[in-house]
Amino acid sequence: MTNLIVAAVAFLLLHLVVSGTRVRDAATGAIGQGFYMGLFSLASVGMLAWLIIAYGAVWHDPDDKAYWYATTATKWIQLFVQLVAFLFVVTGLTTRNPTAVRQEGALDSPDVVQGVLRITRHPFLWGIAIWAAGHLMVNGDLAGIVLFGTMLILALFGMVSIDAKRARAAGESWRAFAAKTSNIPFAAIAAGRQTLNIGEIGWARLVGGVIAWAILLGAHPHVFGVSALPTG
């Protein structure tokens, strides 16, 4: 368990301190954007692998203390929470977005706020946050809390970190984009700064999210050894 906790802390520090503060600005200024991104990507993949391996080593350990247990109701809720998560992840990954890596140039486009960006400027990270929160609902053991709690914290604080980085780098262009969008899903729409346009999101993206959700649902017992279905 100690190895899992250390891996989780290291993973968070890498993203929220090294990448999420002015430490990143200093590093890119010293070694260049390209070299920094290469090193950061390698470190990120390596630490994610460490986190997953550490979790696998203690998963279902009889000494792993459980603080809550899944119920039939929470399993059903989790099932549909994951569908929402996949819709955000797939639409977020396939939509041009100034908050995404190496897509900062999209700020220069006058029609950048389209599709899922009308709902939130961080669709992918909200998908990860919802995915993690859903898993926490049905995984009350300490190992599950550490793993999925880490991903939830990273996603939520990552949005704030990205906003701060873009504001420092893009200035007025970013402020104009941020004024037309919202971090919290549907907040800009509720405030009247945007309108919801499902068709603009793209039906192919939405269907793709449903298909990805269904595939992982079917593969879950084979890949992770446990069914994601409430009746499984």
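Q: Leaving aside neighbours within four places in sequence, which residues is W50 in contact with?
A: In this predicted model, W50 is in contact with N3, V6, A7 and A10 once its neighbours within four places in sequence are set aside. W50 itself lies in helix α3, residues 33-58, and the C-alpha atoms of W50 and A8, which are 42 residues apart along the chain, are separated by 8.8 Å.

Q: And is W50 buried or partly exposed?
A: W50 is partly exposed, because its relative accessible area is 31%, and buried would mean under 20%.

Q: Switching to rings, how many aromatic pairs are there?
A: The count comes to 3 aromatic pairs. One of them joins W131 and F148 edge-to-face, at 5.4 Å centre to centre and with 70° between the planes; this pair links distant parts of the chain, with W131 in helix α5 (residues 123-138) and F148 in helix α6 (residues 142-170), 17 residues apart.

Q: Which cluster do W131 and F148 belong to?
A: Ring pairs link W131 and F148 with Y55 into a cluster. Within it, F148 is buried at a relative accessible area of 6%, whereas W131 is partly exposed at 24%.

Q: What about T74, buried or exposed?
A: T74, found in helix α4 (residues 72-93), counts as buried because its relative accessibility is 18%, with the cut-off for buried being under 20%.

Q: What does T74 touch, not counting residues up to four places away in sequence?
A: On that basis T74 touches M137 and V138. Separately, a polar atom of the T74 side chain lies 2.8 Å from the backbone nitrogen of T71.

Methods. Residues are numbered from 1 along each chain as its sequence is written. This is a predicted model: local features need pLDDT of at least 70, side-chain atom pairs count only at pLDDT 80 or more; totals for chains, interfaces and linings use all residues. Side-chain values use heavy atoms; hydrogens and water are left out. Helices (H or I, at least four residues) and strands (E, at least two) are DSSP runs, numbered from the N terminus. Buried means under 20% relative accessible area, exposed over 50%, partly exposed in between (1.4 Å probe, protein chains only). A polar contact is a pair of N or O atoms within 3.5 Å; within protein, one must be able to donate a hydrogen and the other to accept it, and residues adjacent in sequence count only if both atoms are side-chain atoms. Contact means heavy atoms within 4.5 Å. Rings of Phe, Tyr and Trp (its six-membered ring) pair if their centres lie within 6.5 Å; planes under 30 degrees apart count as stacked, over 60 as edge-to-face and the rest as tilted.
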